[in-house]
There are 2 protein chains.
Amino acid sequence: MAEHSFDESIRLEPVEAGVLRGKTTAAWANMVGPFGGMTAALMLRAIDMHPERTGAPLSLTVNFAAPIADGEFDVTARPLRTNRTNQHWFVDMVQDGTVTTTATAVFGLRRDTWSDTEKRMPDVPAPEEVEERGLPPVIAWARNYDMRFIDGAAPSKGAGPSDSSTTMLWARDRLGRPLDFAALTAASDIFYPRIYLRLGAPTPAGTISLTTYFHATALELASAGDDFVLGCASANRFSGGYFDQSAEIWSRSGTLLATTHQIVYFKT
Amino acid sequence: MAEHSFDESIRLEPVEAGVLRGKTTAAWANMVGPFGGMTAALMLRAIDMHPERTGAPLSLTVNFAAPIADGEFDVTARPLRTNRTNQHWFVDMVQDGTVTTTATAVFGLRRDTWSDTEKRMPDVPAPEEVEERGLPPVIAWARNYDMRFIDGAAPSKGAGPSDSSTTMLWARDRLGRPLDFAALTAASDIFYPRIYLRLGAPTPAGTISLTTYFHATALELASAGDDFVLGCASANRFSGGYFDQSAEIWSRSGTLLATTHQIVYFKT
């Protein structure tokens, strides 16, 4: 069986002490460069492959510093501090001597504690009741997902402005690749820029910084499997050429897998 | 006139090429080590003082890697990438050879664009109509603020658990120090741990990673001046010894100055 394009895209090969080399793929390309979610997944993957890594991801912040050209890149993860229950990381991606991407992450051990999900999962129709509708086919990476927008699909030609930037969609890997931390990281950037929805049309925009908080345990991810997850995203404030958005990723059965936030540059 | 303790606490002095030295202060101490918001403000301040800095803060992520002891510490800010309209930074704080804190930040230029605040400011009584009530006096840093809780004050002895982790409070500097980016950064960590509210009692807890998105322009900060700001915070999910919270800081006149998120370690 052919390797899934997601696994091909997050593949990193050791080239020298601590340096891992990867390569962009056509299947996960965005309009310019790779899908930001894939870049974020690669930063996480570099930590995951590090021999000193302990625990599972708790938080990841990825800063998109420069465009990534098609081709090879080097990723280096450095443990900055290891505590009894958590570990702090710095990761950079370099291409032709230029830092394209930086990240910090915290990995940690989870313990049994009091628990509660206070955020409420929206009451939405099942994915089978929602029509499949992706992003425009020019967005290569989006074709890897079966997307079903309940609310806030990408505006069609001639759409008007909207008062709300909220998008809710069911999404799953089209080829049935099960969810893991890398795929959850990628999914945290699955939302097209909220400014499109407000203006009713695309406009130049790009994520500057993406933070994901991982709530899911490995067991919860395994239980989510290859089923649809629900993504919900809303912007808070647009001004001065930037906006921020907050989003949640829910398993179909109602587990809050991740909360994720980003600040985005836009032009109007 | 004596220097304000906030300005004394964020003071950094160059000691060698690129390294800035600061010192903890009793006035901004937390139960253990300094107030996390003050540490975050120091990380931002180190960028602000760097000769290559351009633009104003857009985002800041601070990772609390190790406890900070009372005394001196060194902060180093490194520009990793300068683009036409934004600039990417890495900052670390080191004490006795140990990395206590790391941060990444994006600074940038703001331009006139389409703008809108989509998040709604809660409809709350004016600060003059709300009783002053701070945190327990053992929390030294909190005494620097005039705090007025509209909802979700820190639980008193004998309080029961609560279904909601939401806190809304008016807060301002007690001595009238006007708001600037450093003070806004500090304010983004003004919320005591949400787990206290859910359990109805304090329990060991500490911020692991704090991200702040800056929406305010320098003009908007100047306009907020020394008046009260409204802080609103809620947690999303508590599990495995961690929870995340999302918060907003509003000016009294309704400008969304910052949105801020954190993941917190807790024990029960």
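**Exercise 1. In this predicted model, which residue of chain A forms a salt bridge with B:Glu118, and how far apart are the closest N and O atoms?**

Solution. Start at B:Glu118. Its salt-bridge partner is A:Arg198. The closest N and O atoms of the pair lie 3.0 Å apart. The cut-off is 4 Å, so the pair qualifies. Now widen the view. The rule finds six salt bridges across the interface of chain B and chain A.

**Exercise 2. How many residue pairs are in polar contact across the interface, and which strand gives the largest share of chain B's side?**

Solution. Count the pairs with both residues at pLDDT 80 or more: there are 44 in polar contact. Next, take the side of chain B that touches chain A. Strand 13 (residues 256–266) of chain B supplies its largest share, seven residues. Then sort that side by class: 22 residues are nonpolar, 30 polar and 12 charged.

**Exercise 3. How much area is buried between the chains, and which residues of chain B lose the most?**

Solution. First, the contacts: 64 residues of chain B touch 64 residues of chain A. Second, the area: about 5400 Å² is buried between the two chains. Carbon and sulfur atoms give 52% of that. Third, the leading residues in chain B: B:Trp114, B:Glu118 and B:Arg237 lose the most area to chain A. Together they make up 15% of what that side buries.

**Exercise 4. In which sense do strand 11 of chain A and strand 7 of chain B pair, parallel or antiparallel?**

Solution. Locate strand 11 (residues 229–239) in chain A and strand 7 (residues 116–117) in chain B. They pair in the antiparallel sense, over two bridges.

Note on methods: Residues are numbered from 1 along each chain as its sequence is written. Chains are lettered from A and ligands numbered from 1 in the order in which they are written. This is a predicted model: local features need pLDDT of at least 70, side-chain atom pairs count only at pLDDT 80 or more; totals for chains, interfaces and linings use all residues. Side-chain values use heavy atoms; hydrogens and water are left out. Contact means heavy atoms within 4.5 Å. Buried area is the accessible area (1.4 Å probe) that two parts lose on being put together, summed over both. A salt bridge is a side-chain nitrogen of Lys or Arg within 4 Å of a carboxyl oxygen of Asp or Glu. A polar contact is a pair of N or O atoms within 3.5 Å; within protein, one must be able to donate a hydrogen and the other to accept it, and residues adjacent in sequence count only if both atoms are side-chain atoms. Helices (H or I, at least four residues) and strands (E, at least two) are DSSP runs, numbered from the N terminus. Ala, Val, Leu, Ile, Met, Phe, Trp, Tyr, Cys and Pro count as nonpolar, Asp, Glu, Lys and Arg as charged, and the others, Gly among them, as polar. Two strands pair if DSSP finds at least two bridges between them.
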